[in-house]
Amino acid sequence: RHFKNLSQGTRFQVVMDTIPSMLNALRMVWIISRHYNKDERMVPLMERIAWEIAERVRKVISVRSIFKRRSEAAKTSTLEAIRTLQLWKDSYFDIRSKIEASGRDQRWEFDRKKLFEKTDYMIVICQNIHDILQTRE
């Protein structure tokens with residue numbers, strides 16, 4: 001269900017509602033599973049989630065179409081995209097801190113570059129687009 005919401009949700013709000021609960025579910029899998037409690041198994045799954053979120057933003061905030069939309073709608077979309085991308089990172093670190101607080105040996109020490117390099121860059125691009133839209137008014 002979570003993966004479907006990421007890839008097919010009709011609005012950014014659907015994606016934003018999904019991210020925290022999805023990562024919490026992955027925390028439970030990390031704790032309980034014998035298969036997915038290893039970095040080499042969880043990192044590709046997390047990378048896929050980051051990719052799916054980035055793809056979602058890329059489709060909505062297409063440079064070819066964003067400037068053809070009404071200014072208010074385009075600005076709203078860019079702000080929602082920024083919030084979605086930031087929520088991905090914030091939710092990851094929130095769950096990571098919960099795992100650390102639990103005192104378990106297995107911690108989420110995944111490669112942050114793999115998980116956040118693209119989404120962090122997209123935040124900057126979306127902010128730049130939003131700034132341009134603001135200036136155009």
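Analyst: This is a predicted model. From the N terminus on, the elements of the chain run α-α-α-α-α-α, which amounts to six helices and zero strands.

User: Why is a set of residues here called a nonpolar core?

Analyst: The name applies because its members are buried residues of listed kinds, such as Leu, Met, Phe and Trp, joined through side-chain atoms within 4.5 Å. The largest such core has 37 residues, and Leu23, Leu26, Met46, Trp88, Trp108 and Phe110 touch the most other members. The largest share, nine residues, comes from H3.

User: How do you know that Phe110 touches Trp30?

Analyst: A contact requires heavy atoms within 4.5 Å. Trp30 is among the residues that Phe110 touches, as are Asp39, Met42, Val43, Met46, Tyr92 and Leu115, when residues up to four places away in sequence are not counted.

User: What share of the chain counts as buried, and what makes a residue buried?

Analyst: A residue is buried when its relative accessible area is under 20%. Of the 137 residues of the chain, 40% count as buried.

User: Which side chains count as positive, and how many are there?

Analyst: Lys and Arg count as positive, and Asp and Glu as negative. The chain has 27 positive and 18 negative side chains.

Definitions and conventions
Residues numbered from 1 in each chain as written. Predicted model: local features only at pLDDT ≥ 70, side-chain atom pairs only at ≥ 80, totals over all residues. Heavy atoms only, no water. Buried < 20%, exposed > 50% of the residue type's maximum accessible area, 1.4 Å probe, protein only. Helix = DSSP H or I, 4+ residues; strand = E, 2+ residues; numbered from the N terminus. Charge placed at Lys NZ, Arg CZ, Asp CG, Glu CD.
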